[in-house]
Amino acid sequence: MNTIAIRTSSLRRDFGPIHAVDDVSLEIAAGTVFGFLGPNGAGKTTTIRLLLGLLEPSGGRAEVLGFDTRTQADDIRQHSGALLEHSGLYERLTADDNLEFYGRVWHMSKADRQARILGLLTDMGLWERRKEAVGTWSRGMKQKLAVARTLLHRPTLVFLDEPTAGLDPVAAAALRDDLSALATREGVTIFLTTHNLAEAEKLCQRVGVINKGRLLAISTLDELRAHNEVPRLEITGSGFSEAMLSKLRARPEVRGVAEKSGKLSIDLQPGVPTAPLVRLLVESGADVEEVHKGKASLEELFLTLVEEETETPGVSKAPGF
Amino acid sequence: MFADILTVALKEIKELPYLRRDKSRTNLFTLILFIGVFGIFLPLQTGKGWVTSPLNLLYWTWLPFMLVGTTMVDSFAGERERHTLETLLASRLSDRAILFGKILAGVVYGLAMTLMCILLGLVTVNVAFGKEGLLFFPAAIGLGILAVVLLISTLASGLGVLVSLRAGSVRQAQQTFTIAYFVLFIPLMIIPMLPATVMQPVIRFLMQTDFTTIAIGAGLIVALLDVVLILAAMARFKRARLILD
């Protein structure tokens, strides 16, 4: 099998004047879970449609599993599974009927279909409910069934478009656990879109951040953090005066200072020592109770990337580009 | 390709309003109404003419048209409205397998329901009027009915597909289809109900003209319409277009 599952080169899709996907170039290794992060309307779903050959690109090219999306879309769909924006389940049919249908679509033999349905529904905890019309199920159960349908024919590549969207936290966590286990067991390449960063952190080896159709970053989460995270000093205490804060802001190693309810947050340049700053505060008369050195959360990092793109469109911070 | 068409058709048949597990009283009532009208009421009203009059071919245009049309609307516009179409399009199925699978299911359904009504109608006229012997369609009328049902089912399929693909919702598709029905069939339904003074010359004309010629001519026109509508549906039913819709 090709070691690169997905390769795009300056991929573009326009809808009139809107660039839904704008000059996206990426490579995703086979057998990995890739997270495609971005806010609503960022271009995530359009990218999936382009990769599945459901939409023609306006420019650039994409290769999926070694097949060209323009000319070999049937081959791509033959070897892929997709859980798109909606679960796509036939709610008037039973779970069994839904999986039977898609098993036939992929020309699975009767014995293979039945064994696979038994395996997947048992793994998902749905086997006992297989004869019920899907319309009577909870959203979480439907989503699990949709994942089972996506994996039914043992695709080598799976597209999951916000699989936990709209689920309550418990159902979302359960589905994430199932996805994580399945990804490991089945060894498939997963292209997962989400705006849930905890989900990306749990499931993905590599992530890409997209906003307004442009790819802002692509790397592992650790690399992304290393390149973009801002070291931060959080100091709890009292007696933080405005003069003290001005002194801090004037120092070259400080990128920003904010004070709220007795808690001081100091964003720093990478790699600077923090002890002189604490000393400065104490010598200036502040009562320091607790000092915590940390980094901005993944969510803050994501927001920073997206906001920077909004403020200065076209300026990419993508490491590896 | 043929296996894929059958797969889609089987799924569609399982989803038919009268066969699926969540069948409602409304659906059941509609089914009983169709069977009651075409299998019992009209044969009783018409008497022996139910099997002998060529004009009764017109009745068999209405039933498959409505049955197949509403099924097609639910199948195409409904699939989009229920957000199942995109997943189907993301599968390995070709556009044509999806299209013809759905059409096949509709036509089979129309044929089966109409044949059921025909058989029940035969039982009804024989029980009510068959004291002098078995009443049955003459061969020409029997074959004519089968041809009419097949041609009209295909016509309704093609029209249903095109209406559904242009409609924003199932309701809108149903409304458009109903308008099409009125435009096409109300004149045909009125003819048998015209007063005898008006009907006599019509019947005389039909009796003097070779029935087979009229039937074949009408059949060819409908067959031509079928081909045009199916070709239009094939041109319209394309993945990229459906995704953008």
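**Cavities and a chain interface**

The second largest cavity has a volume of about 50 Å³, a volume being the space filled by probe spheres set on grid points joined across faces, edges and corners. This is a predicted model, where local features need pLDDT of at least 70, side-chain atom pairs count only at pLDDT 80 or more, and totals for chains, interfaces and linings use all residues. Residues are numbered from 1 along each chain as its sequence is written, chains are lettered from A and ligands numbered from 1 in the order in which they are written, and side-chain values use heavy atoms, with hydrogens and water left out.

Reader: What makes a space a cavity?
Author: On a 1 Å grid over the protein atoms alone, a cavity is a set of points where a 1.4 Å probe fits but cannot get out, and lining residues have an atom within 4 Å of a point. Leu179(A), Leu182(A) and Ala183(A) are among the residues that line the second largest cavity.

Reader: What classes make up the lining of the second largest cavity?
Author: That lining has 9 nonpolar, no polar and no charged residues. Ala, Val, Leu, Ile, Met, Phe, Trp, Tyr, Cys and Pro count as nonpolar, Asp, Glu, Lys and Arg as charged, and the others, Gly among them, as polar.

Reader: Why is the pair Arg92(A) and Glu15(B) called a salt bridge?
Author: The closest N and O atoms of Arg92(A) and Glu15(B) are 3.5 Å apart. A salt bridge is a side-chain nitrogen of Lys or Arg within 4 Å of a carboxyl oxygen of Asp or Glu, so this pair qualifies. The count between chain A and chain B is 4 salt bridges.

Conventions: 1 Å grid on protein atoms, 1.4 Å probe; cavity = no way out; pocket = protein on both sides within 12 Å on 5 of 7 lines; lining within 4 Å.
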